[in-house]
Amino acid sequence: MIAKFDSTSRGGNGSGLKHYLENGTKDDRDEKDKRVALYGDIDILQSCIKLGHDKGYKETYRNIVVSFDENYVKNNDLKDIAYKYISQYAKGYESDEVVAYAEVHIPKILYKTKINQSTGESEKIRRKPHIHISFAMYSPKLNKQLMLNSNDKRIYDINLLTRKVELDYRFKQVVLKAIAKDITQVKSASKKLNYRKNIKANIDKYIIDNIKFIESFEMLKKRLVNVFDVEIVRESTTKAKTKSITILYQNKKIRLKGNIFHSSTFNDAKKQLMNTDKNYIEDDYPLSEQKRLKKINRDLEQFNIVKNEYIKLHNKYAREKVKERFIEPKEVPVTAKTKNYLSYQAKIYKSVYGAS
């Protein structure tokens with residue numbers, strides 16, 4: 001499994017997000033995928049995004065994409081997994097304070113053809129099911145913007161959750177990337193960021209595919225220079241906490257981070273990449289699944305204690321104001337639309353704004 005965030009903040013009124021989920025980039029969604037709603041209501045989500053946009057928010061929503069290596073995942077498992085990610089990302093908030101939506105795309109077209117930029121050859125790639133999760137940054141109940149922290153700070157707990165879900169559901173863990181944190185990013189629409197991510201992804205794939213033939217860090221550097229036509233302009237020191245090299249590619253400097261990119265850590269990183277049949281958490285040594293799960297649960301619990309207290313303090317005044325103006329959701333008539341799976345948000349929205 002891989003959980004990926006947007007690499008840039010998302011603004012606007014939500015119409016583009018809704019169109020993408022329903023139609024795809026080439027209006028071929030129905031041809032390519034079967035869409036199954038897992039959580040919330042897409043129209044409620046867009047309405048809340050628009051409210052944030054009307055209030056002048058620069059960031060109006062956020063996305064997470066959860067991808068699987070498995071070709072098939074049970075529908076009930078998909079619902080549970082979507083809820084786990086929503087609950088963790090919005091930790092500290094009550095369920096009726098956050099408007100989120102999740103749907104899974106189950107491939108109808110099972111394969112796509114892609115050109116490998118390293119070799120120039122075409123590859124046939126199996127398309128896998130994946131969950132799209134979106135959060136409106138405006139909370140109708142609290143009448144304020146959510147405090148979810150930046151995605152670079154949320155990598156920690158979301159990656160822990162991903163490892164936990166893999167163990168709980170016996171999913172296959174995707175081989176750890178050579179380049180640190182690349183797996184947590186969704187491709188940006190920016191051409192500038194796209195070409196950087198493309199070269200990083202190509203280098204990353206090349207290292208994983210050829211690591212057993214690369215005998216030393218010096219050989220790795222020579223391979224990168226010859227294969228990708230780059231110049232290595234800087235290397236991190238031995239004492240540096242984050243090992244890295246900086247390459248010059250098309251007159252742009254790009255930093256590649258990871259233990260594979262330093263002579264002092266190359267051998268250990270190579271062993272880790274070659275042990276594809278074992279699971280790792282960051283730099284930990286392999287543990288039994290039971291011990292690993294205990295460690296993950298402990299780390300998540302410690303993170304969530306701090307997060308819960310932070311959100312509680314930040315929203316104390318807003319929650320007091322809610323008591324003065326808010327009609328309890330249970331008093332709202334339940335329509336056919338609000339009977340959908342976990343559609344409590346629809347009731348909240350209707351009770352506040354009088355319409356769904």
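## Loops, helix packing and buried sites

D27 lies in the loop that runs between helix 1 and helix 2 (29-32), where helices (H or I, at least four residues) and strands (E, at least two) are DSSP runs numbered from the N terminus. The model is a predicted one, in which local features need pLDDT of at least 70 and side-chain atom pairs count only at pLDDT 80 or more, whereas totals for chains, interfaces and linings use all residues. Residues are numbered from 1 along each chain as its sequence is written, and side-chain values use heavy atoms, with hydrogens and water left out.

Although D27 is not a glycine, it has a positive phi of about 55 degrees. At 58% relative accessibility D27 counts as exposed, given that buried means under 20% relative accessible area, exposed over 50%, and partly exposed in between (1.4 Å probe, protein chains only). R170, which is found in the loop between helix 5 and strand 10 (185-186), also is not a glycine and has a positive phi, of about 60 degrees. With a relative accessible area of 61%, R170 is exposed.

For the protein as a whole, there are 11 helices and 13 strands, and 44% of the 356 residues count as buried. Of the contacts with a separation of 6 or more, 72% are accounted for by residues 24 or more positions apart, where contact means heavy atoms within 4.5 Å.

### Two helix pairs

Two packed helices are described by the angle between their axes and the distance between the axes. Here the axes are lines fitted to C-alpha atoms, for helices over the stretch in contact, and the angles run from 0 to 180 degrees between N-to-C directions. Helix 1 (residues 15-23) and helix 3 pack with their axes 9 Å apart, at an angle of about 155 degrees. These two helices, helix 1 and helix 3, are therefore roughly antiparallel to each other, in a scheme where angles under 35 degrees count as roughly parallel, over 145 as roughly antiparallel, 65 to 115 as roughly perpendicular and the rest as oblique. On the side of helix 1 the residues that meet helix 3 are S15, L17, K18, L21 and E22, and their counterparts in helix 3 are I42, D43, L45, Q46 and I49. The residues of this contact divide into five nonpolar, two polar and three charged; Ala, Val, Leu, Ile, Met, Phe, Trp, Tyr, Cys and Pro count as nonpolar, Asp, Glu, Lys and Arg as charged, and the others, Gly among them, as polar.

The axes of helix 4 (residues 75-89) and helix 5 (residues 151-169) come within 10 Å and cross at roughly 150 degrees, and helix 4 and helix 5 are therefore roughly antiparallel to each other. The contact is made by D77, D80, I81, K84, Y85, Q88 and Y89 of helix 4, together with N151, R154, D157, I158, L161, T162, V165 and Y169 of helix 5. By class, this contact of helix 4 with helix 5 has seven nonpolar, three polar and five charged residues.

The structure holds eight aromatic pairs, a pair being rings of Phe, Tyr and Trp (its six-membered ring) with centres within 6.5 Å, where planes under 30 degrees apart count as stacked, over 60 as edge-to-face and the rest as tilted. The rings of F5 and Y89 have their centres 5.9 Å apart and their planes at 40 degrees, so this pair is tilted. Because F5 lies in strand 1 (residues 2-6) and Y89 in helix 4, the pair ties together parts that are 84 residues apart in sequence. Y89 is buried, with a relative accessible area of 1%, and F5 counts as buried at 1% relative accessibility.

Y89 also forms a tilted aromatic pair with F135, at 5.1 Å centre to centre and 35 degrees between the planes. Since F135 lies in strand 7 (residues 130-136) and Y89 in helix 4, this pair ties together parts that are 46 residues apart in sequence. F135 is buried, as is Y89, and F5, Y89 and F135 form one aromatic cluster.

| Residue | Relative accessible area |
|---|---|
| T60 | 1%, buried |
| K221 | 13%, buried |
| T246 | 7%, buried |

T60 lies in the loop between helix 3 (42-54) and strand 3 (61-67). Not counting residues up to four places away in sequence, T60 touches R10, G11, G12, I49, G52, H53, F135, A136 and M137.

K221 lies in helix 7 (residues 217-228) and, leaving aside its neighbours within four places in sequence, is in contact with I232 and E235. T246 is found in strand 12 (residues 244-249), and its contacts, not counting residues up to four places away in sequence, are E231, I232, V233, R234, K253, I254 and R255.
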